[in-house]
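Subject: Handover of a structure, with findings

Dear colleague,

Please find the structure below, together with its sequence.

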Amino acid sequence: MCCDLKRRFLLLYATQKGQAKAIAEEIWQQAGAHGLEADMHCMSEMDKYNLETEKDPVVIVISTTGTGEPPDTARKFVKKIQDPTLPPDHFAHLQYGLLGLGDSEYTFFCNGGKTVDRRLQELGAQHFYSTGLADDCVGLELVVDPWIDGLWLALNEALLLQKEKEGMSSVVDAISSSLSAAPHIVHELNLSSEVQNLKLEDEAVRSSDVLSQKPVDISLAVSTTDTEPSLIHSVPPVSQSALNIPALPPEYIEVQFQDTHGENPHLSSLISEGRAFEVPVTKAVQLTREDAIKTALLLELDIADTVFDYQPGDSFCVLCPNNVNEVEELLHILGLSEKGDYFVSVKVKQGTKKKGAAYPQHIPKRSTLKFILTWCLEIRATPKKAFLRALVECTSDAGEKRRLQELCSRQGASDYTCFIRDSNVCLLDLLRAFPSCKPSLNLLIEHLPKLQARSYSVSSSNLYQPGKLCFVFNIVEFPACPGRPVSRKGVCTGWLAELVAPLLHPNKNTLDTKGGSSSTEKISIFARPNNTFHLPADPSVPFIMVGPGTGISPFIGFLQHRQKLREEHSDWEFGETWLFFGCRHQDRDYLFKDELRCFLENGTLTHLKVCFSRDTSTAEVAPPKYVQDVIRLYAKEVARILLKERGYFYVCGDKKHMADGVSDAVVDILSMEMEADRLEAMKTLAMLRETKRYLQDVWS
């Protein structure tokens, strides 16, 4: 190892979209200021570290993906440590601290980190520092920042104990003296998924300054009479505080312009997972009325000439571009409007101080600047604090520079959350708000993440409609707000809506809409199979579907498939089917109303229960407004299907406002029908999840 073994620790990260890596890099940068050397590796680089022989403390930063799986870069590691033949003292020599990243909007919060943490404990490893679980739902920094602050004291103590065991008294004296000079930091942090449980004493907050941070001269504070803070204005105490800002991230990318001759790469080269297919859009139908609060569209794709295959319940991904007007505006602000069609060469800068600097794999080896900004970089991404810190150096106006410093500082954490994170502010918004900020192109490539393909649930059956694939989506709208004075549509849904505008037929709420002429527009898609959200293998097993709004999408595919099976296998036994659907208004956004009536009439769907949250009722007893309330009315039937008939329960749609309410309703039903307390009912629901009979396809 290149690190000094006397003051070394091993730093491992496993990331899906780059957040865990960015946090690990922050730890690596701060380590030097604390007299420590971080030997940093991606968890997938198993040839570069060996936990079986590791003697120094280990720090792990790991995210969670999908429905609770470890990220792709951790799969080999997790598979290795889950070997059932490993003895319970396999890692008895190991001491570690783990920081898990997740989103409490999802059921299996931080499950990637929890899985690794639990298994290391089972194999005898010991914590030298409390596990931290950071929640992206409210802001990772609320847990990440204090967890990193407390890490240094814990590491020093772990190294001290290690050297004491080795009898190295001279090293013990050296570390002891550094400890006595270090700032006091609360060691035992009670970190959990519940942010309200994060209790930091004022003294700890005041004294948690990291040595690699530098105080900022408060004389640069913006002079303003505004009494309320905003994206561009601060008020006391932030405006009058000396600031502790992150260390400046070292630059590591070099960009050179070449010529304008050649062709950009095919979109299929942008994905690493599977194969992309370019397919025509053959039909587009608006499923909602013009006066509906949200606009839902159904698109039909022709996959007959491809080998693309799917099952009802699967998802797939759409490769989408950034908005063309936003790309043009970004080029204009950067002063690169004339360079958009030039090919660029991207290289890792020689002699960079960035640890593990590597060529960004999502940037093609040869493409134009406009192609990179359109198809490769998520220009709508919320800028992280490290990016803000880098933008400070590109800003000439003193007041603007000060405000950017505040937004990335510890003292301005609440302003960052309010005016950047919660307001969905992106790079363009910042460049509009801070006009003297002129970042270089290499900075954008270093800090903007990969433009992710967008995932959608399949809303059809290949058995029912051979060679066709349908999906449904709401056009996402982001209204203007104080931090972002312009409204905008979702990156993918806005692009798709514009793409299929010539095919749209408003007010036609049916799959059988006529008159949609063949489209020449094509989109690129690739498979994202769902290994669990499928129909029961045994058709005689009953199942319940809960899908309000566009959450009904996969269940249309379920019912189409079931109808075709019933037609082809009249001798089979089929279990009963229930669908709970809800929307705002019966006459504005009741999706697939005619199709559902047909499924009922031909017996494919046994029970259809609907509710309308915004319609007024003249009934003496008001009908329930939400699907979770309707489910409670059928408690005995739900309990019978789940407990006696070993049926399945599917939930699709919004996580926060619906799926959690549905699971609460199911727990109440189980508790009542089992005549058991709520804890016992929750254990039963957990068992149903574990056996893949309570399944969710949800989004936040």
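A polar contact is a pair of N or O atoms within 3.5 Å; within protein, one atom must be able to donate a hydrogen and the other to accept it, and residues adjacent in sequence count only if both atoms are side-chain atoms.

Before the details, two notes on the basis of the account. The model is predicted: local features need pLDDT of at least 70, side-chain atom pairs count only at pLDDT 80 or more, and totals for chains, interfaces and linings use all residues. Residues are numbered from 1 along each chain as its sequence is written, and side-chain values use heavy atoms, with hydrogens and water left out.

Overall composition

The protein chain has 20 helices and 24 strands; helices (H or I, at least four residues) and strands (E, at least two) are DSSP runs, numbered from the N terminus. Of its 700 residues, 53% are buried, where buried means under 20% relative accessible area, exposed over 50%, and partly exposed in between (1.4 Å probe, protein chains only). Contact means heavy atoms within 4.5 Å. Among contacts between residues at least 6 apart in sequence, 79% join residues at least 24 apart.

T368 belongs to strand β14 (residues 367-368). Its relative accessible area is 7%, so T368 is buried. Leaving aside residues up to four places away in sequence, T368 touches N264, G340, D341, Y342 and F343.

F108 is placed in the loop between β4 (95-102) and α3 (111-122). With 39% relative accessibility, F108 counts as partly exposed. Residues up to four places away in sequence not being counted, F108 touches T64, T67, G68 and R689.

Nonpolar cores

A nonpolar core is a set of buried Ala, Val, Leu, Ile, Met, Phe, Trp, Tyr and Cys residues joined through side-chain atoms within 4.5 Å. The largest has 54 residues, and L330, L388 and L391 have the most contacts inside it. Helix α8 (residues 369-376) gives the most to this core, with six residues. A second, separate core of 30 residues includes A31, F128, W147 and L155.

L388 touches P383, L404, L407, C408, Y416, I420 and L430, again not counting residues up to four places away in sequence. Helix α9 (residues 385-392) has seven of its eight residues buried, namely K385, F387, L388, R389, A390, L391 and V392.

In helix α14 (residues 491-499), eight of the nine residues are buried: V491, C492, T493, G494, W495, L496, A497 and L499. Their cover includes the strands β11 (296-302), β12 (315-319), β15 (454-457), β16 (468-474), β18 (488-489) and β19 (522-528).

Helix α19 (residues 655-674) has 20 residues and should span 28 Å at 1.5 Å a residue; its end C-alpha atoms are 26 Å apart, which agrees. The expected span is 1.5 Å times one less than the number of residues. At the start of α19, a side-chain oxygen of D654 comes within 2.6 Å of the backbone nitrogen of H657. Just after α19, E675 takes a positive phi of about 55°. Among the elements that cover the buried residues of α19 are β20 (543-546), α17 (627-633), α18 (635-644), β23 (648-654), α20 (678-690) and β24 (694-699).

Aromatic rings

The structure holds 24 aromatic pairs. Rings of Phe, Tyr and Trp (its six-membered ring) pair if their centres lie within 6.5 Å; planes under 30 degrees apart count as stacked, over 60 as edge-to-face and the rest as tilted. The rings of F128 and Y129 are stacked, because their centres are 6.5 Å apart and their planes are at 25°. Both F128 and Y129 are buried. W578 and F580 also form a stacked pair, with ring centres 6.0 Å apart and planes at 15°, and both of these residues are buried. One aromatic cluster is formed by F533, F543, F555, F558, Y648 and Y650.

A charge sits over a ring if NZ of Lys or CZ of Arg is within 6 Å of the ring centre and within 35 degrees of the ring normal. The charged end of K339 sits over the ring of F257, 5.2 Å from its centre. K354 lies over the face of Y252, at 4.9 Å from the ring centre.

With kind regards
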